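Thanks for coming. I will take a few minutes on one protein, shown here.

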Amino acid sequence: MLRTFKEIRERVKEYGRKFYVVIPAADDETSIEAALDAKKDGIAQSILIGDRKKISDILSAKGSSPSDFEIMDCKDYAEAAKIAVRLCREKKADILLKGHLDTPMLLKAALDKNEGLRTDRLLSDVFIFEDPLWEEKGGKLVAITDGGITPAPNLEQKKQILLNAVEVYHRLGYKRPKVAVMSATEKPNEKIPSTWDAKLLVDMYKNGEIKDCIVEGPMALDVAALKWCAEMKGIQSEIAGDVDIMLMPTFEAGNMVAKVFVFYMKRQIGHVIKGATVPILINSRTDDAQLKINSIALSIIAGIQE
């Protein structure tokens, strides 16, 4: 069971094969730094799509030879996204990593009905952070989902988002991931849709419709994080204080909570989008190269290795 991003990166190095990341709109320093670091760390090689001169100039300025990478000249970012998706479809790239183009532009190419990376599954973002409350206990990886794809998921979509995250955790070595269906209170109330959806998802789990995990909810953040909060509230819980996956009610909630760990707490984090034929990495243009390295390594384990 992997507990830190360092362990994830080390596990990837043990696979003994080369993985390829394709980056459309790679003509910016953050994308180039991610490509350089992934290569240096022995995690993945990158195919860079964008303005060839800009890419070459950035590589040279960082002391690397442009000949060390496959560079595809394309100044039109929409076309760059299409080229990147095609390389994934042709199995010439294993992972699609967003460069500094807009997310809708990348997803439009990725979700094209004829030439995209669609499956019959819902796309969802699994954001994982190293839990600061477990630093002295060996570490712990906690997921927030969905934080960037489906704005207001209905019950069936929440089920699919949950299952995508559970699959990621199975790949990380968790036999029965502990899932908290999040809300602001622990009491189901039909007037608060997130609590009622949580109740129905727990019913699905109890009926055997959702398997290979533990599902509880509705659950507030304090109870998910700390067991003593559950005890103070008189809540009987199998997972309080030891939650692996937090299923958020909306992507606004997921996005805001996730960014607390990025910008205020400076945690080691990574993303992966599940549901397409290859892992898709959609990080913010403000994310640093280390986050992208973590995301690449996470994707190799969560989305490629069976």
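I will go through the domains, then the interface, then the cysteines.

This is a predicted model, in which local features need pLDDT of at least 70 and side-chain atom pairs count only at pLDDT 80 or more, while totals for chains, interfaces and linings use all residues. Residues are numbered from 1 along each chain as its sequence is written, and side-chain values use heavy atoms, leaving out hydrogens and water.

The domain assignment gives domain 1 as 13-119 + 276-288 + 297-301, and domain 2 as 124-264; such bounds come from an automatic or database assignment. Taken over C-alpha atoms, the two centres are 30 Å apart. Four residues of domain 1 and six residues of domain 2 make the contact, meaning heavy atoms within 4.5 Å.

Now the interface. About 460 Å² is buried between domain 1 and domain 2, with 71% from carbon and sulfur atoms. Buried area is the accessible area (1.4 Å probe) that two parts lose on being put together, summed over both. On the domain 1 side, Thr286, Leu298 and Ile301 lose the most area, together 71% of what that side buries.

How many salt bridges cross between domain 1 and domain 2? The rule, a side-chain nitrogen of Lys or Arg within 4 Å of a carboxyl oxygen of Asp or Glu, finds zero.

Last, the cysteines. A disulfide is a pair of cysteine sulfur atoms within 2.5 Å, and the whole structure has zero. For Cys74, the nearest cysteine sulfur is that of Cys88, 15 Å away.
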